[in-house]
Amino acid sequence: MKTRHVTLCPQASLSLRLFAGLIEEGRLRKGWTRDELAERVGVGVVTIRQVAKGSPRVAIGTYFEAAALVGVSLFTDNVDTLRREQATQLERLTLLPKRVNRQQQEPIDDDF
């Protein structure tokens, strides 16, 4: 199977590795093996190893599920607050245009 290469900017790469480290720290604090975390998340142990490395090829949902299970806070731990924030964000989205239309620029006349 062909593996895809994902290139991240330095900020995204460092943030992902930090998130991965927090997940690994949470797993160790809980006293779980990677096998146990993999079973709880519903993925294979190879995927959990990739999470621990901060691989950008792992689905963000897998990172979020692992983080929630080991106690890494995602925005907030309060489900009602998350629901309110999501509703507010959806309201803001409805106020924005559905698509972005770029203005056609006149061709540059560089004939001197």
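Predicted model: local features only at pLDDT ≥ 70, side-chain atom pairs only at ≥ 80, totals over all residues.

Me: How many residues does α1 have, and what does it span from end to end?
Reply: α1 has 21 residues, and the distance from its first C-alpha to its last is 30 Å, close to the 30 Å expected at 1.5 Å a residue.

Me: Which residues of α1 are buried, and why do they lie on the same side?
Reply: The general idea first: an α-helix has 3.6 residues a turn, so residues three or four places apart point the same way. In α1 the buried residues are L16, F19, A20, I23, E24, G26 and R27. They lie on the same side of α1 because they cover an arc of only 160 degrees around the axis. The face turned away from that buried side carries exposed residues, P10, Q11, L14, L18, L28 and R29.

Me: What covers the buried residues of α1?
Reply: The cover includes α2, α3 and α4. As a general rule, nonpolar side chains in soluble globular proteins tend to be buried together. Here the largest nonpolar core has 17 residues, and F19, I23, L37, Y63, A67, V70 and V72 touch the most other members. Two or more core residues come from each of α1, α2, α3 and α4. As for V72, its contacts beyond four places in sequence are F19, L22, I23 and A67.

Key. Residues numbered from 1 in each chain as written. Heavy atoms only, no water. Core = buried A, V, L, I, M, F, W, Y, C linked by side-chain atoms within 4.5 Å. Buried < 20%, exposed > 50% of the residue type's maximum accessible area, 1.4 Å probe, protein only. Helix = DSSP H or I, 4+ residues; strand = E, 2+ residues; numbered from the N terminus. Contact = heavy atoms within 4.5 Å. Expected span 1.5 Å × (residues − 1). Arc of directions from axis to C-beta.
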